[in-house]
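Dear colleague,

Please find the structure below, handed over for your use. A summary of the findings comes after it.

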Amino acid sequence: MSLQEIQACSLVVAAGGRWRDGTQAEFLNAIRDGTLPQEAFQRWLVQDYYFVKGLTTFVAITIAKTPRPSQKILIAGLVALDAELDWFEQHAQQQSLDLTTAMHPICKRYVDYLVASAYTQPFEVLLAMLYGVEASYTSGWSALDAAGPYAEFIHRWSNELFVDYVGELLKTCNRHPHHSRQTQFNEVLRHECNFWRMTWEG
Ligand code: MP5
């Protein structure tokens, strides 16, 4: 499935302006323009690491609730998250960043929302939320050319394999519709918007 198909799915279309708010950010514009302050990049790196740790919990609980065979794509995603945490740790070490500092309240609110939802929402809704997390990130980063000092980071969420994974998540969502999933999909986008603002403003 292409990025265009991902961006044209009914969840995204029904989200309206929330999709734009959750996928466009001053932080990303500054990467594109080559004007991102190092401080903002390092804030993003540390907070996104904390976010991915929280997302790992969310995915693990979602796996436990999801019937086979739809579980398969989630288990593959969980393995990728483990590798991604290693990747973040290596980058943090290279830049001498401390990964034991406090989580920013905006990041914490997002992670708390995901983990609380994992315990309380039906798996169909959790699938739509995970799709929201991944589809918004790939959309945001894919708007940039994978070139310049941040090429590795842009490539991570815009490469073909990652887009394929997000497409598989969408197909899984489409196999399991649920009447209340749009509300939570929109809520994910609201948290994405706040997260991006935090990376830029501190
Ligand atoms: C993702 C992320 C994508 N890393 N950070 C935020 C704030 N939202 C979404 O998750 P993943 O696991 O890195 O693909």
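This is a predicted model: local features need pLDDT of at least 70, side-chain atom pairs count only at pLDDT 80 or more; totals for chains, interfaces and linings use all residues.

Residues are numbered from 1 along each chain as its sequence is written, and side-chain values use heavy atoms, with hydrogens and water left out.

The core

The largest nonpolar core has 73 residues. Such a core is a set of buried Ala, Val, Leu, Ile, Met, Phe, Trp, Tyr and Cys residues joined through side-chain atoms within 4.5 Å; buried means under 20% relative accessible area, exposed over 50%, and partly exposed in between, with a 1.4 Å probe and protein chains only. The residues with the most contacts inside this core are F27, W44, F51, Y131 and W141. Helix α5 (residues 38–65) gives the most to the core, with 14 residues. Helices here are DSSP runs (H or I, at least four residues), numbered from the N terminus. Leaving aside residues up to four places away in sequence, W44 touches F27, F88, Y137, W141, F153, W157, F195, W196 and T199, where contact means heavy atoms within 4.5 Å.

The pocket

The largest pocket holds about 350 Å³ of space. On a 1 Å grid over the protein atoms alone, a pocket is an open set of points where a 1.4 Å probe fits, with protein on both sides within 12 Å along at least five of seven lines; lining residues have an atom within 4 Å of a point. Grid points are joined across faces, edges and corners, and the volume is the space filled by probe spheres set on the points. There are 22 lining residues, and L81, E84, E134, W157 and F162 lie nearest the centre of the pocket. The lining divides into 15 nonpolar, two polar and five charged residues. In this count Ala, Val, Leu, Ile, Met, Phe, Trp, Tyr, Cys and Pro are nonpolar, Asp, Glu, Lys and Arg are charged, and the others, Gly among them, are polar. Helices that each supply at least two lining residues include α5, α6 (71–94) and α8 (123–142).

Helix α8

Helix α8 has 20 residues and reaches 28 Å from its first C-alpha to its last, close to the 28 Å expected at 1.5 Å a residue; the expected span is 1.5 Å times one less than the number of residues. Because 19 of its 20 residues are buried, α8 is largely enclosed by the rest of the structure. Not counting residues up to four places away in sequence, T138 touches L3, W157, S158, F162, V163 and V166.

Other residues

A cis peptide bond, with omega about 5°, joins R68 and P69; P69 is found in the loop between α5 and α6. S96 lies in the loop between α6 and α7 (105–120) and has a positive phi, near 50°, in a residue other than glycine. S96 is exposed, with a relative accessible area of 68%.

H191, in helix α11, is buried with a relative accessible area of 6%. By contrast, H179, in the loop between α10 and α11, counts as exposed at 76% relative accessibility.

With kind regards
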